[in-house]
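Welcome! Here is a short briefing to read alongside the sequence and the 3D view.

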Amino acid sequence: MNSQPITMDRVDQYLVHSRTLGYKLQGRRAMLRRFVAFLSRRAPDSPITTALALEWATESKLDTPINQARKLTAVRAFALYCAVDDPRTEIPPENLLGKTRRRPSPYIYSPEEIQSLLNAAWNLRPSDALRPQTYAVLLGLLACTGIRIGEAIRLQLDDVRWEDPALVIRDSKRLRERLVPLHGSTANALHAYFQRRSIYMQDASCDYFFINDNGGPLCHSQILRVFCRLRAKVGIGGPGRGQPRIHDLRHTFACMRVLQWQRDDIPIDKAVASLSTYLGHVAPTDTYWYLTGIRELL
């Protein structure tokens, strides 16, 4: 079997192959482009070796340890692909520079804190615009379904089913599609927003469910800025407590669901499989990432 040189064309072939399997690999092309440039300078005729991959991943003294680990992990995945055609390829050991993810301590919101966030959103200015209802309903949806903020932003009008209320999540991690059933109260809140949206934006042609006051899709960075202002206004977090994230609403949903099962005397080890499906996880082990030993669960 003939070996292929390590070029950007080879990187592009790898990325196309990986994306057909559902992996998004955001930012991976730029990272591997830098690795290919390093190989062309350091050892132009060499296959990927553990020593070269390690040298490249750690050459910058400005990199954090976690970023070095991410760089080596990217090369390792690429090496696995290249090894099919070139048996000289060495596969760097997994986690050679440590893990690529560090689990931040999640903040589990109390029901009162979530309600205070929603109340603050309803009081956003201008009061006669769509903006207050947009943020109140968006945050409420995140809290009561646990969907990711990106999934909520990307919801289309056709993704909300009214008769048997549910959300169709089409562009999730690894391109997995799933159906998220809704409680009646959640469906009512979404429908009220949809009606207000239709009146306020009669001329808007945007197909996204949540829109800004200009009729366009919501921006992730703008949502985070608004959330930070709401969080500060109601006094959540602070010195010694960290800064709660909007993603912590997903952690909170998972913990509260398990807590309710515990109170209802439902076997958690069996029920957590349905929670994994609901949250869009490949396996229950991904779901356990979101569970935190809060006092009530312990």
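In this predicted model, helix 4 covers residues 65-82, which makes 18 residues. From its first C-alpha to its last, helix 4 reaches 26 Å, close to the 26 Å expected at 1.5 Å a residue. The points below start with this helix, then turn to a sheet, a pocket and the cavities.

- The buried residues of helix 4 are I66, Q68, A69, K71, L72, A74, V75, F78, A79 and C82.
- An α-helix has 3.6 residues a turn, so residues three or four places apart point the same way.
- Helix 1 (8-20), helix 2 (28-42) and helix 3 (50-58) are among the elements that cover the buried residues of helix 4.

- Three strands form an open sheet in the order 1-2-3, and their pairing is antiparallel.
- Strand 1 (160-161) and strand 3 (178-181) are the edge strands, each with a single partner strand, so one side of each is left without a neighbour in the sheet.
- Strand 1 and strand 2 (residues 166-169) are joined by two bridges, and V160 has L167 as its bridge partner in strand 2.
- Strand 2 also pairs with strand 3, over four bridges in the antiparallel sense; here L167 stands opposite V180.

- Helix 5 (111-122), helix 6 (131-145), helix 8 (184-200), helix 10 (248-263) and helix 11 (268-279) each give two or more residues to the lining.
- Helix 10 gives the most, with nine residues.
- By class, the lining has 19 nonpolar, seven polar and two charged residues.

**The cavities**
- The model has two cavities of 30 Å³ or more.
- The largest cavity has a volume of about 40 Å³, and its lining consists of A69, L72, T73, R76, P93, N95, L96, L97 and G98.
- Of the residues lining the largest cavity, five are nonpolar, three polar and one charged.
- The lining of the second largest cavity has five nonpolar, one polar and two charged residues.

How values were computed: Residues are numbered from 1 along each chain as its sequence is written. This is a predicted model: local features need pLDDT of at least 70, side-chain atom pairs count only at pLDDT 80 or more; totals for chains, interfaces and linings use all residues. Side-chain values use heavy atoms; hydrogens and water are left out. The expected span of a helix is 1.5 Å times one less than its number of residues. Buried means under 20% relative accessible area, exposed over 50%, partly exposed in between (1.4 Å probe, protein chains only). Contact means heavy atoms within 4.5 Å. Two strands pair if DSSP finds at least two bridges between them. Ala, Val, Leu, Ile, Met, Phe, Trp, Tyr, Cys and Pro count as nonpolar, Asp, Glu, Lys and Arg as charged, and the others, Gly among them, as polar. On a 1 Å grid over the protein atoms alone, a cavity is a set of points where a 1.4 Å probe fits but cannot get out, and a pocket is an open set with protein on both sides within 12 Å along at least five of seven lines; lining residues have an atom within 4 Å of a point. Grid points are joined across faces, edges and corners, and a volume is the space filled by probe spheres set on the points.
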